[in-house]
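Okay, thanks for coming, everyone. Let me put the thing up on the screen and then talk you through a few spots.

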Amino acid sequence: MLTLKDRQINAIKQMLNMNQPQTKALAAEPVWKLLIYDRVGQDIISPLISIRELRELGVTLHIQLHSDRDSIPDVPAIYFCAPTEENLGRIAQDFQNGLYDVYHLNFISPISRQRLEDLAAAALQAGCVANIHKVYDQYVNFITLEDDMFVLKHQNSDSLSYYAINRANTQDYEMEGIMDSIVDSLFSVFVTLGNVPIIRCPKNSAAEMVARKLEKKLRENLWDARNNLFHMDATQTGTFSFQRPLLILMDRNVDMATPLHHTWTYQALAHDVLELSLNRVIVEDDNEKAPSTGAKSKMKACDLDSRDKFWSSHKGSPFPMVAEAIQEELEQYRSSEDEIKKLKSTMGIDGETDVAFSMVNDNTAKLTSAVNSLPQLMEKKRLIDMHTKIATAILNFIKSRRLDSYFEFEEKIMSKQVLDRPLADLMRDPEFGTPEDKMRLFIIYYICTNMPEAEYQKLEQVLKESGCDLAPIPYLQRWKSIMKSSVTNPNQYEGSGTKTVSMFSKLVTQGSSFVMEGVKNLVVKRHNLPVTKITEQLMECRAGGEVDDYLYLDPKLLKGGDIVPKNRAPFQDAVVFMVGGGNYIEYQNLVDFIKTKQTANSNRRIIYGASTLTNAKQFLKQLTLLGQEIGGA
């Protein structure tokens with residue numbers, strides 16, 4: 001079964017192969033070509049295909065569309081960009097300047113009839129119609145970050161943010177533009193998957209607007225005999241088996257606490273404190289050297305993707321486990337290194353005695369295998385060093401901002417457990433994290449409890465004294481009053497919580513490079529977040545609870561598609577999409593949930609998508625802007 005990421009990679013490789021299917025002969029002897037992309041195209045390709053792989057596919061040069069480019073004759077140029085006015089203007093300029101002999105134009109999302117005609121007119125004027133070999137709509141307008149995770153935008157992602165959707169003075173046409181942009185990308189996702197989903201979403205929300213528009217777009221395409229993108233010929237079978245996937249569209253308002261939550265797993269921590277973006281983090285390099293010389297420390301970019309086995313297996317693990325795993329990897333590496341050193345010393349035996357000769361023979365075989373394994377060892381060493389750097393950077397944040405205590409407290413608040421210290425005392429402690437951390441904790445407390453007015457006043461005073469910006473509060477008060485009227489489940493976070501296990505014995509005894517003193521070794525209890533609970537109910541087709549008033553839309557039916565069919569079998573595959581920004585905490589929670597549902601004869605899958613990926617800092621900033629609008633109104 002191909003994943004969404006595999007299918008998008010295949011689509012892009014086919015495009016780089018002049019839109020011809022890949023064959024064995026071509027793989028051996030590629031056609032050399034240029035790749036010209038815009039920022040959007042770069043964001044789509046960079047998490048999927050490395051520069052080395054581009055070379056193997058015959059791309060000798062990859063350049064930005066809006067950069068100064070020299071004319072390169074005799075080599076086909078593949079363009080990969082969004083069909084915007086600005087990009088088309090630049091392509092027309094390239095035609096005029098006769099930069100290349102052969103043009104293959106690939107648009108990330110479909111180009112409109114009008115713009116295609118304008119482009120044709122530009123080609124006529126430049127007299128290069130014969131040079132344009134192909135124009136393709138690619139339907140890959142989304143960024144796949146994991147096998148089962150995608151986002152819609154990275155450049156200008158603010159245009160699809162929670163703030164953009166919930167602003168007080170958004171004009172109707174702006175809202176239409178945001179929704180059309182989301183629908184366009186979701187349509188691309190399902191064209192890439194090769195399957196028409198059944199759509200479920202809550203009523204009267206931004207998610208419903210997206211659902212209605214997407215249903216209309218899918219239906220029009222299905223009934224369009226000439227351009228149907230979902231008809232199956234013998235060569236293309238859908239990703240999913242005969243069963244159709246369920247698309248669950250949700251509005252960010254369904255759960256406002258999780259995006260602000262201090263987290264404890266590796267990937268989510270990297271996103272929260274190191275701003276992981278497009279599978280890349282930037283950390284300080286060699287931070288020991290910097291302070292002594294007073295020079296500015298160098299920054300190093302680290303790529304974290306599925307090619308990295310350590311990352312793949314530990315990105316969802318709690319941070320202390322990751323530190324232990326890095327330590328174990330290091331021990332293994334050292335033992336392999338010692339083995340090679342030993343071999344080297346035994347090879348230098350003096351004299352030509354028989355004993356020496358037989359030992360040399362014996363060791364030659366060992367040395368050969370050791371030399372053969374050197375490249376893997378070097379790669380392993382590079383990965384260990386990289387993860388040590390990243391984990392050390394995260395650990396410094398955990399210690400300086402007391403993130404372990406925040407995580408523990410928030411889990412207690414969300415699972416309605418009794419706090420062992422009053423919140424006001426924590427907030428007063430100047431050592432306890434940054435004002436931003438305190439604000440996040442307070443908002444989670446405000447969302448998850450019905451606090452009396454007196455307590456609220458007291459906490460507000462403490463927050464002001466701690467230097468917190470209280471701007472988000474008016475917006476959250478309004479949000480809370482609206483959400484009260486639409487009855488939500490008060491125990492939506494039940495079952496969460498943490499338990500502290502004995503201190504990291506391994507790390508303490510082995511003299512590790514991680515100084516873990518003062519950091520709690522917390523283990524997260526397995527529980528489902530609100531998004532996961534709703535997903536489970538909808539996948540199992542259970543009635544009752546908050547999903548009763550979710551709409552049911554089936555684009556394959558001409559009419560009457562809104563009624564939920566009785567006795568429907570549970571769905572094997574779901575795409576969960578968050579309108580207004582998602583995060584790695586929910587993604588990890590869904591991954592953990594679906595693992596528990598696997599059985600020998602059924603492979604169930606969930607793909608998580610979001611209009612943008614926001615970490616808590618960015619989300620808090622958006623809430624601040626929304627609060628200022630109300631405060632200043």
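So, is methionine 378 buried or exposed? Methionine 378 is exposed, at a relative accessible area of 53%; for us buried is under 20%, exposed is over 50%, and partly exposed is in between, with a 1.4 Å probe and protein chains only.

Quick housekeeping: this is a predicted model, where local features need pLDDT of at least 70 and side-chain atom pairs count only at pLDDT 80 or more, while totals for chains, interfaces and linings use all residues. Numbering runs from 1 along each chain as its sequence is written, and side-chain values use heavy atoms, with hydrogens and water left out.

Now, helix H23, which covers residues 584–596. Its 13 residues reach 19 Å from first C-alpha to last, close to the 18 Å expected at 1.5 Å a residue, where expected means 1.5 Å times one less than the number of residues. Ten of the 13 are buried, among them Tyr584, Glu586 and Phe593.

Glutamate 275 isn't a glycine, yet its phi is positive, near 55 degrees; it's in the loop between H10 and strand E10, and partly exposed at 37%. Lysine 416 also isn't a glycine, and has a positive phi of about 60 degrees. Lysine 416 is in the loop between H16 and H17, partly exposed at 44%.

Terms used:
Helices (H or I, at least four residues) and strands (E, at least two) are DSSP runs, numbered from the N terminus.
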